[in-house]
Amino acid sequence: EMCIRDSNQWASPLDQQLQQTLVTNLSTSLPAALISSTPLGQTHDTLNVTVTGFHGRYDGHAIISGEWILEHNGKLQKQPFSLSLPQSEDGYDGLVRTLAKGWQQIAGQVANAIIREQ
């Protein structure tokens, strides 16, 4: 469990924030699909995302890593992700902004993979 405090950009616990961003991004990328963070009944695809890294590194890069597993029509597709972005500005706020930008990229990758599966 990870919680970034002291920055109003991350007012809710980090996992909720990331989940909400992912839901919003996927909903935009997949307009025909109903995307929800709560189960939708029996016949739905399931996306499990595990984030193992979400932090700044000593060399000024923001690191995001983990994996996602998509269950689609009873088939499992598993994909690791790892992203290292140079921090656009110094300090904590710069790190938060860079991490947010990186997470948008991950959400885009997930959406593209799901579109290919349809």
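Reader: Which residue in S2 does Val49 stand opposite?

Author: The model is a predicted one. In it, strand S1 covers residues 46-56 and strand S2 covers residues 61-72, and the two run antiparallel, joined by 10 bridges. Across this pairing, the residue in S2 that stands opposite Val49 is Trp68.

Reader: What is the bridge partner of Trp68 in S3?

Author: S2 also pairs with strand S3, residues 75-86, in the antiparallel sense over 12 bridges. Along this pairing, Ile69 stands opposite Lys78 in S3. For Trp68, the bridge partner in S3 is Gln79.

Reader: How many degrees does the twist average from one strand to the next?

Author: The sheet is open and has the order S1-S2-S3. From one strand to the next, its twist averages 10°.

Reader: At about what angle to S3 does helix H2 run?

Author: Helix H2 consists of residues 91-117 and lies across S1, S2 and S3. Its angle to S3 is about 150°.

Reader: Is Thr98 buried or exposed?

Author: Thr98 is found in helix H2. It touches Ala62, Leu85, Pro86, Gln87 and Ser88, not counting residues up to four places away in sequence. A residue counts as buried under 20% relative accessible area. The value for Thr98 is 1%, and therefore Thr98 is buried.

Reader: Does Gln77 count as buried or exposed?

Author: Gln77 is found in strand S3. Leaving out residues up to four places away in sequence, Gln77 touches Trp68, Ile69, Leu70, Ala113 and Glu117. The cut-off for a buried residue is under 20%. Gln77 has 18% relative accessibility, so it counts as buried.

Reader: What covers the buried residues of H1?

Author: Helix H1, residues 14-29, has 16 residues and reaches 22 Å from its first C-alpha to its last, close to the 22 Å expected. Its buried residues are Leu14, Leu18, Thr21, Leu22, Val23, Asn25 and Leu26. An α-helix has 3.6 residues a turn, so residues three or four places apart point the same way. The cover over the buried residues of H1 includes S1 and H2.

Reader: What pattern does the protein follow along the sequence?

Author: The secondary structure comes to 2 helices and 3 strands. Read along the sequence, these follow the pattern α-β-β-β-α.

Reader: What percentage of the contacts with a separation of 6 or more is between residues 24 or more positions apart?

Author: The protein has 118 residues, of which 32% are buried. Its accessible surface comes to about 7500 Å², with 49% belonging to carbon and sulfur atoms. Among contacts with a separation of 6 or more, the share from residues 24 or more positions apart is 47%.

How values were computed
Residues are numbered from 1 along each chain as its sequence is written. This is a predicted model: local features need pLDDT of at least 70, side-chain atom pairs count only at pLDDT 80 or more; totals for chains, interfaces and linings use all residues. Side-chain values use heavy atoms; hydrogens and water are left out. Two strands pair if DSSP finds at least two bridges between them. Helices (H or I, at least four residues) and strands (E, at least two) are DSSP runs, numbered from the N terminus. Axes are lines fitted to C-alpha atoms, for helices over the stretch in contact, and angles run from 0 to 180 degrees between N-to-C directions. Contact means heavy atoms within 4.5 Å. Buried means under 20% relative accessible area, exposed over 50%, partly exposed in between (1.4 Å probe, protein chains only). The expected span of a helix is 1.5 Å times one less than its number of residues. Accessible areas come from the Shrake-Rupley method with a 1.4 Å probe; for residues, only the protein chains shown count as cover.
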